[in-house]
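Here is a quick briefing for someone opening this model for the first time. Have a look at the sequence and the structure, then read on.

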Amino acid sequence: MTTLITILFFGVAYGMILYLISVGLSVTMGLMGFVNLAHGVFAMLGGYATVTLMNRIGIAFLPALAIGCVLVAVLGFVLERTLYRHLYGRSELDQVLFSFGLILVSVALVRIAWGPVAQPIRLPDYLKGQVTIFDLALPAYRLALVGFGTAVIAGLWFAFDRTLFGARIRAAVDNRAMAQSIGINTSRLFAAAFGLGTGLAALGGGLGADVLAIAPGYPLQYIIYFLIVVAVGGLGNIKGPFVAALAIGLSDTACRYFLPEAGSIFIFAFVFAVLIWRPNGIMERR
Amino acid sequence: MTTMPVSRNVSVTIRFGVIRSGLIRLLKLLPWLVIASLPLVLAGYEPLATQIFVMILFALSLDLLVGYAGIVTLGHAGLFGMGGYTAGILSVHGITDPLVTALCAMAVAAFTGLVFGVAMLRTKGLTLLMLTMASAALLYEIANKATGLTGGEDGLQGVAFSPLLGVFAFDFRGKTAFFYSLTVLFLVFSFVQVLINSPFGWSLRGIRENDARMAAIGCPIMRRRVIAYVIAAALAGLAGALQAQTTQFVALHSLGFELSGNILIMLILGGSGRLYGAFIGCPVFMLAQDQLAKQDPANWFLGLGVILIAFVMLAPGGILGIAARTVDAIKMRRRA
Amino acid sequence: MSITKMVAAALLRRGIVVAAALMMSALAPVGAQTIRIGMILTYSGPDAALGEQIDRAVNLFVKLHDSDLPPGVKVELIKRDDTGINPDLAKRLAQELVLRDQVQILTGGQWTPNAMAIAALTKEAKVPFVTMTAGGSAVTLQSPYVVRSGWTLWQTSYPLGEWAAKQGWKNAYTVVSDFAPGHDGEAAFTKSFTEGGGTIVGSVRIPLKTSDYLPYFQKVKDVNPDVVYVFNPGGPQATAFMKAFDDIGITKSKIKLIGPQDIVYDDELPNMGQSALGVVTLGEYSPAATRQANIDFVAAWTKAYGAESVPTFFAEAGWNGMHAIYDAIKAQNGKIDPDATMKFLHAWSDPNSPGGPIRIDQAGDIVQNLYLRRVEEKNGRLANIEFATIEQVGDPWKVFNKK
């Protein structure tokens, strides 16, 4: 029984990381219709920012995380205004190539700046080691991850459902032309949504530095998982990817525990099956 | 009566036309003959040249999908690797004839393409792109785990092919490999040229441009796309088999995302949708990589990424696109 | 004179000059004889630090032993980057080194998959190959032109299983990276541990590209064995493993962690911190060893590379490999004949290497002392302190599989 709970716990933690990173991609893809393969870059930069602020400058973990997110969000905002916006109408191939080029450039720059080795995250003492809850020894860091992640996700959902900003985004995703005609400045909305999405990705990258190692190969190695979450969860909504991310996190972790010989085969086969059944994602937006 | 002078003019015109088309055909063969004489001039570069031929073949198969059928795939290496592993595994288990194993590789890759194609091609956009990546990733993981069959991370050991046509052995100097892959490339190129100029080829272009309209005129879209995918898969599998035969080795890398990305870049650099794009993009990419990546892979990535972004934003259509626009510009100026 | 005639004359003049230059270079006096050695290592990527160790050792040896070479003989090292575990690239690099750069000796071969691919090439190309740090037993079987200078996983894991069984431990769990050396280590430890009366209660092979080890290690913890045999390729992965063991609570529990020297890679010990204390490993070299040959070696190393720098067993393997190559060059007075070189190498020995007495046997493997070491704190730093010696061990796998 404890085994099951431990697996559940690890799976949920992993799923939350995936969700935090991918939700921004789902929103921007649904909003702008832009195939952005380079989304992983922002998660990676968030990880690097957090780790550098902590290790080199000595800032505590949570503030470092917050500053990292803000920095990356600003970068995302700037990139959207300068580069991305010129490519909105272009063909899918062009968008794929552009974002691929962006990945290559950022991988190279990161490698030159930080070297090729994965960044070690030196956690504060209160996050090291294990915490015993109800006879269950769980790694403290993962526990904090789950708690923090839940808070962020709750806040995000509230913002999406209850604020004006969220309503505007939902309107623009549903029908951009209509949204524009009722006076929503979609251009500014895109930039803001892009900044928010990349900031969240940075948060996921920094929090998940333990699970998805911060190294130059990050965007290339993990992009498939982010795309899976978005494709299975559905574009433009934020609840679908949550279910998808949890499903992937849980099944991947369970597989590693019970069936390590299968590796990631199960995940990909599972994804194929789901998408053949529901090509637009499990929570189709009508 | 005016029949005599007219028929003389006609016959002269026809004869002139025949000579001219014969000359053009000869001219088209010329570059092939020049390349075939490379070993006489530049010794030691046969392995690199062979690798370039294999990549050109691979890129041609991708061009069918990306440039003509309008299917963007980031998982094409999955089919390349399937062909390579098929040929390699067959050779390890005793079936070592290059031509037989190449045909088997094509068959296996085509079948894989059929299975995945039918599953994937009903989706589009991001979902399709992601599924192409997932299909290659799935094959990669299976190959990674089936260590007994594929060697896993260590690569397939013991790959050895018998001499081509019983005479030409694959030695480490690479001369047999060079001519073998060049010949196969020539044959495949001729085939692809015929294919894209056939009604099937034109229907693919139509589907790429506007599938709604094609459906309206009764074209079976799904079927055409799947057929295109299967043909591209078979050719990619052939390229993979060639790779296995000319290097006497198969590694997981041939199924990897890096290869899928690289071959797409190679094609785009040269220009997709124009068959010669593969012939330009691949050598340029591979020669540049051969020279630049030796110093520092980070700089190679940087340069490549910048070029890619620049191409997308400023010069869509690749090198051939630039060439075409330059030629057009010159023609316009001459006319003015 | 018409323009065409002038151009033709100019071209003819240029042609004569070029032909003369070519003839001159062909007739150039063969004063200095240059032996070209091709070295294929990992110079980029996450494991570049490992390749750098070998590279530094080789450079240091070449610098210090330049005068040892016969008069008029020079050595030219041509270095190539395999970027990591990349057997097809390694094979192509080796092919180009042989065809384009005409190397007479190949070395490096940092990873088993790469070394296997290169070794297969040398069979046909007939170029001697001294592989330095590939730990898979099968590498030397690939061709008669391969010897190794480092170790094999059977060598560093088989005696460990015997020792573990003698400690009274009954259950063991094996955790290895999923590639040839990992499979070798797992097989070797399993054989000797079970022969000594123990039971293997679980085993897992972790894919090389994994970054999250916790689910795998949680299973180990749940099974609760007496001892865990671990293998990973060293370098940053060693630290990642150790950290994960710490996170899951194994390092602080009663479960003992043992393995070959790779898992406590000396360069990474500072990063592992307290979590590595007490881990027992088996290996042929620790920079903390007190024999004179090692003290001299470490002194030369720190003089060249700084007091903070530490030579690991990767460096020692590179050093010994270069030593063997230089001795082969000296024995043949600069004229490298592949078969003569191999005959020499198969009988080569060094009673005074930094790791103790070593020699290369008929199979091409290295026969050397193995030391049991424990991670302890010495002079404020963590080090692998040797506490027992197993003399002159060859490759056990070859012994068991003698045909």
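Read from the N terminus, the elements of chain A go α-α-α-α-β-β-α-α-α-α-α-α-α. That comes to eleven helices and two strands, where helices are DSSP runs of H or I with at least four residues, strands are runs of E with at least two, and both are numbered from the N terminus. Keep in mind that this is a predicted model, in which local features need pLDDT of at least 70, side-chain atom pairs count only at pLDDT 80 or more, and totals for chains, interfaces and linings use all residues. Residues are numbered from 1 along each chain as its sequence is written, while chains are lettered from A and ligands numbered from 1 in the order in which they are written.

**Chain A as a whole**

- The radius of gyration of chain A is 19 Å, close to the 19 Å that the globule rule gives for 286 residues, so chain A is as compact as a globular protein of that length. (The radius is taken over C-alpha atoms, and the rule is 2.2 Å times the number of residues to the power 0.38.)
- Along the principal axes, the C-alpha atoms of chain A fill a box of roughly 60 × 45 × 35 Å.
- Of its 286 residues, 54% count as buried, meaning that 20 or more other C-beta atoms lie within 10 Å of a residue's own C-beta, with 12 or fewer making it exposed, anything in between partly exposed, and C-beta atoms placed from the backbone.
- Take the contacts in chain A with a separation of 6 or more: 77% of them join residues 24 or more positions apart. (Contact here means C-beta atoms, placed from the backbone, within 7 Å.)

**Where the chains meet**

- Chain A puts 37 residues in contact with 34 residues of chain B.
- On the chain A side, helices H4 (92-114), H9 (218-233) and H11 (265-277) each supply at least two residues, and H4(A) gives the most, with 16 residues.
- That side of chain A divides into 29 nonpolar, four polar and four charged residues. (Ala, Val, Leu, Ile, Met, Phe, Trp, Tyr, Cys and Pro count as nonpolar, Asp, Glu, Lys and Arg as charged, and the others, Gly among them, as polar.)
- Chain C also touches chain A, with 19 residues from chain C and 19 residues from chain A.
- Here H7(C) gives the most to the chain C side, with six residues, and that side has nine nonpolar, six polar and four charged residues.

**Helices in chain B**

- Helix H11 of chain B (residues 221-247) has 27 residues and reaches 39 Å from its first C-alpha to its last, close to the 39 Å expected at 1.5 Å a residue. (The expected span is 1.5 Å times one less than the number of residues.)
- 21 of the 27 residues of H11(B) are buried, so this helix is largely enclosed by the rest of the structure.

**Pro47(B)**

- Pro47(B) sits in helix H3 (residues 46-69) of chain B and counts as buried, with 21 C-beta neighbours inside 10 Å.
- Leaving out residues up to four places away in sequence, Pro47(B) touches Gly174(B), Arg92(C), Gln95(C), Glu96(C) and Leu99(C).
- Pro47(B) and Leu62(B) are 15 residues apart in sequence and 23 Å apart in space, C-alpha to C-alpha.

Notes: Two residues are in contact if their C-beta atoms, placed from the backbone, lie within 7 Å.
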